[in-house]
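Subject: Structure handover

Hello,

Here is the structure we talked about. Please open it alongside this message; my notes follow below.

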Amino acid sequence: LLVLLLLSGLVSSQEKMTQEQISFLQKKVRQTARATKSIVSDFTETKHMDILDDSVEHTGKLYYLAPDHIRWEYTYPQTNVAIFKEETMLVANNGMPEVIDLSSNKLFRSFNQLIVNSISGNMFNDDQFTIEYLKFDEGYAVTFMPKDRRLQRFVSSFELLFDTASGAVIQIKLIEPNDDYTRIQFKNRMTNVLVGEDKFKL
């Protein structure tokens, strides 16, 4: 139940960012983050595996409430819910709530931290990741390659696309070591709308 753009179609228009451009992007993202208290957004999640002829696609709605509450509500083709808050993940298992301690699952913990940090503007941490910045016509692409060897066994990189005008994340991609990937695209994003605490309960 992992929530994550093939950049191949954008390669021709990509260019490495200058330090000035990087600083501008980081500032823009942090400005957007400080002004964001909640988010409601539609998303499409595409899972590509080389062993399958067709990719698997799911759609749903994301809810975010500052500082660290996230609800992934899948609506098609099946309904399901995954809730991240603090250091736990809540899922429905056979209709019963199940609590997962994120400290025991490095992949889920890193993914959730990256999502939360991308919203809060604190994801540019080169202690944990090697970071590459690219600019293209529609925005900015930032690739995070984990330095932790244990995490490298599960993921080779996280790729985030940021909208040029708003500095908001519009796409996330998690790439596994075998080049399978999960891509999440966001649309119809609404910020600072009412999101109640009840959204983060099962």
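Two strands count as paired if DSSP finds at least two bridges between them. Keep that in mind for the strands below. Please also note that this is a predicted model.

Start with strand 3, which covers residues 56-65. A hairpin of 3 residues connects strand 3 to strand 4.

Aromatic pairs

How many aromatic pairs are there? The count comes to 7. Take phenylalanine 43 and tryptophan 72: the ring centres are 5.1 Å apart and the planes meet at 85 degrees, so this pair is edge-to-face. Phenylalanine 43 is in strand 2 and tryptophan 72 is in strand 4, so the contact ties together parts 29 residues apart in sequence. Both phenylalanine 43 and tryptophan 72 are buried.

A second pair is phenylalanine 124 with phenylalanine 162. Their ring centres are 6.4 Å apart, with planes at 35 degrees, so the pair is tilted. This pair links distant parts of the chain, 38 residues apart. Phenylalanine 124 sits in the loop between helix 2 (106-120) and strand 8 (129-136). Phenylalanine 162 belongs to strand 10, residues 157-163.

Phe43, Trp72, Tyr74 and Phe186 make it up.

A charge over a ring

Lysine 173 lies over the face of tyrosine 181. The distance to the ring centre is 4.3 Å.

On the surface

Ile51, Leu52 and Val56 form a nonpolar surface patch. Together they have about 270 Å² of accessible area. Valine 56 lies in strand 3. Its relative accessible area is 33%, so valine 56 is partly exposed.

Best wishes

Technical notes. Residues numbered from 1 in each chain as written. Predicted model: local features only at pLDDT ≥ 70, side-chain atom pairs only at ≥ 80, totals over all residues. Heavy atoms only, no water. Patch = residues over 30% accessible without salt bridge, like charges linked within 9 Å, V, L, I, M, F, W, Y side chains within 5 Å. Areas by Shrake-Rupley, 256 points an atom, 1.4 Å probe, with all protein chains shown as cover. Salt bridge = Lys/Arg side-chain N within 4 Å of Asp/Glu carboxyl O. Helix = DSSP H or I, 4+ residues; strand = E, 2+ residues; numbered from the N terminus. Buried < 20%, exposed > 50% of the residue type's maximum accessible area, 1.4 Å probe, protein only. Phe/Tyr/Trp six-rings, centres within 6.5 Å; stacked < 30°, edge-to-face > 60°. Lys NZ or Arg CZ within 6 Å of the ring centre and 35° of its normal.
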